[in-house]
Amino acid sequence: MPPDRVLARRRAIGDRIRSARVHANLTQEAISLRTDIRIATISEIEQGRRAALIDTLIVIADAIGVPLADLVRE
């Protein structure tokens, strides 16, 4: 299990992904179709329960139409 500080940052990234997705009026299903990432995986990333590879974050950012930096900023 990662340290609490890592889990907190993971949850913050998930919150930013969810916020950007909702702001873009996209569902998890729409992101799944655009990225070929399972809906369950997208959900787990948004909830901070799954660590995302940088490649996955890039694909998600592109699918939402936001810069990667918007999702991982501090």
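Which residue takes a positive phi just after α2? In this predicted model, that residue is D36, with a phi of about 65°. D36 is not a glycine. Most residues other than glycine have a negative phi. D36 belongs to the loop between α2 and α3. Its relative accessible area is 75%, so D36 is exposed.

N25 is another residue other than glycine with a positive phi, near 60°. N25 sits in the loop between α1 and α2. Its relative accessible area is 71%, so N25 counts as exposed. Just after α3 comes G48, with a positive phi of about 80°.

Now to the interior. In soluble globular proteins, nonpolar side chains tend to be buried together. Here the largest nonpolar core has 14 residues. I17, I31, I60, I64 and L71 have the most contacts inside this core. The helices α1, α2, α3 and α4 each supply at least two residues. Helix α4, residues 54-64, gives the most to this core, with five residues.

Leaving aside residues up to four places away in sequence, I31 touches R21, L26, I42, A63 and I64. I31 is also among the buried residues of α2, along with Q28, A30, S32 and T35. What covers the buried residues of α2 includes α1, α3 and α4.

Two packed helices are described by the angle between their axes and the distance between the axes. The crossing of α1 past α4 is left-handed. On the α1 side, the contact is made by I13, I17, A20 and R21. On the α4 side, L57, I60 and I64 take part. By class, this contact has six nonpolar, no polar and one charged residues.

From α2, the residues I31, R34 and T35 meet V59, I60, A63 and I64 of α4. The contact of α2 with α4 has five nonpolar, one polar and one charged residues.

Is R21 buried or exposed? Its relative accessibility is 10%, and the cut-off for buried is under 20%, so R21 counts as buried. R21 lies in helix α1, which spans residues 4-23. Beyond residues up to four places away in sequence, R21 touches L26, T27, Q28, I31, E46 and I64. R21 is also one of the α1 residues in the contact with α4.

H23 is in helix α1 as well. At 74% relative accessibility, H23 counts as exposed, whereas R21 is buried. How far apart are H23 and I64 in space, C-alpha to C-alpha? They are 9.2 Å apart, although 41 residues separate them in sequence.

Then there is S32, placed in helix α2. Its relative accessibility is 14%, so S32 counts as buried. Not counting residues up to four places away in sequence, S32 touches I37, R38, I39 and I42.

How many of its eight residues are buried? Six are, and α3 is mostly covered. The buried ones are T41, I42, S43, E44, I45 and E46. They pack against α1, α2 and α4. Some names now return. E46 is among the residues that R21 touches. I42 is touched by I31, and S32 touches I42 too.

Conventions. Residues are numbered from 1 along each chain as its sequence is written. This is a predicted model: local features need pLDDT of at least 70, side-chain atom pairs count only at pLDDT 80 or more; totals for chains, interfaces and linings use all residues. Side-chain values use heavy atoms; hydrogens and water are left out. Helices (H or I, at least four residues) and strands (E, at least two) are DSSP runs, numbered from the N terminus. Buried means under 20% relative accessible area, exposed over 50%, partly exposed in between (1.4 Å probe, protein chains only). Contact means heavy atoms within 4.5 Å. A nonpolar core is a set of buried Ala, Val, Leu, Ile, Met, Phe, Trp, Tyr and Cys residues joined through side-chain atoms within 4.5 Å. A crossing is left-handed if the near helix is turned anticlockwise from the far one by less than a right angle, and right-handed if clockwise. Ala, Val, Leu, Ile, Met, Phe, Trp, Tyr, Cys and Pro count as nonpolar, Asp, Glu, Lys and Arg as charged, and the others, Gly among them, as polar.
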